[in-house]
Amino acid sequence: MSGQVWVSLISLGGVFLGGMLSYLVQHRTQLSAERAEQRRQQSTLSEARRAERVALLERFIEVAAEAERSAFSRPSEWDDSHAWFIATQGVMNRLWVAERLIRVQFPLPVHDAARAYFLDLNRTVWEGLPDGESVRDYLEGNRLTFLDAARAVMG
């Protein structure tokens with residue numbers, strides 16, 4: 001009888017060992033699948049954030065170009081009812097919003113560059129430049145600084 005007990009105990013031990021190994025394999029497989037899902041979700045989130053940033057940069061650059069066109073077409077005399085003023089005010093309001101969104105979505109160096117460019121544009125549009133100064137040349141430095149900062153962040 002003692003031999004049958006040993007055979008039963010060894011058999012029970014084999015079942016226990018097999019169950020433990022099966023549990024460990026399933027547990028590791030589950031952890032691996034969870035990590036893969038987390039990486040996939042993180043990748044999806046990163047791609048979505050990058051797309052948001054690209055769209056925001058596109059919006060800021062587009063509105064800034066409109067503001068530059070307003071600066072180039074600035075009449076020498078205008079008032080609050082002038083068609084140029086009404087159109088330009090809308091453009092500058094949109095540019096102000098886009099600049100604030102840059103602060104929300106990007107690191108401060110990018111926002112600081114966008115802010116400097118915005119302030120130059122704002123001054124040029126509303127106050128004009130002294131005679132002989134070129135709008136393009138005046139805006140070029142901060143425009144390029146902003147674009148370089150944005151490119152560095154976007155990779």
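Good morning. The structure is a predicted model, in which local features need pLDDT of at least 70 and side-chain atom pairs count only at pLDDT 80 or more, while totals for chains, interfaces and linings use all residues. Residues are numbered from 1 along each chain as its sequence is written, and side-chain values use heavy atoms, with hydrogens and water left out.

I begin with glutamate 68. It lies in helix H1, residues 2-72; helices here are DSSP runs of H or I of at least four residues, numbered from the N terminus.

Which residues does glutamate 68 touch? Setting aside residues up to four places away in sequence, they are Tyr117, Leu121, Leu139 and Arg143, where contact means heavy atoms within 4.5 Å. With tyrosine 117 there is also a side-chain to side-chain polar contact at 2.3 Å. A polar contact is a pair of N or O atoms within 3.5 Å; within protein, one must be able to donate a hydrogen and the other to accept it, and residues adjacent in sequence count only if both atoms are side-chain atoms.

I turn now to the helices. The axes of H1 and H3, residues 108-127, come within 9 Å and cross at roughly 25°; axes are lines fitted to C-alpha atoms over the stretch in contact, and angles run from 0 to 180 degrees between N-to-C directions. H1 is therefore roughly parallel to H3, a label for angles under 35 degrees, with those over 145 called roughly antiparallel. On the H1 side, the contact is made by Phe60, Ala64, Ala67, Glu68 and Ala71, and on the H3 side by Ala114, Tyr117, Leu121, Thr124 and Val125.

H3 in turn packs against H4, residues 135-154, at about 160°, with axes 8 Å apart. H3 is therefore roughly antiparallel to H4. Among the residues making this contact are Tyr117 and Leu121 of H3, and Leu139 and Arg143 of H4.

Finally, valine 91 belongs to helix H2, residues 83-105. Beyond its neighbours within four places in sequence, valine 91 is in contact with Val63, Glu66 and Ala67. The C-alpha atoms of valine 91 and alanine 67 are separated by 6.2 Å, although the two residues are 24 apart along the chain.

Notes:
Helix = DSSP H or I, 4+ residues; strand = E, 2+ residues; numbered from the N terminus. Parallel < 35°, antiparallel > 145°, perpendicular 65-115°, else oblique.
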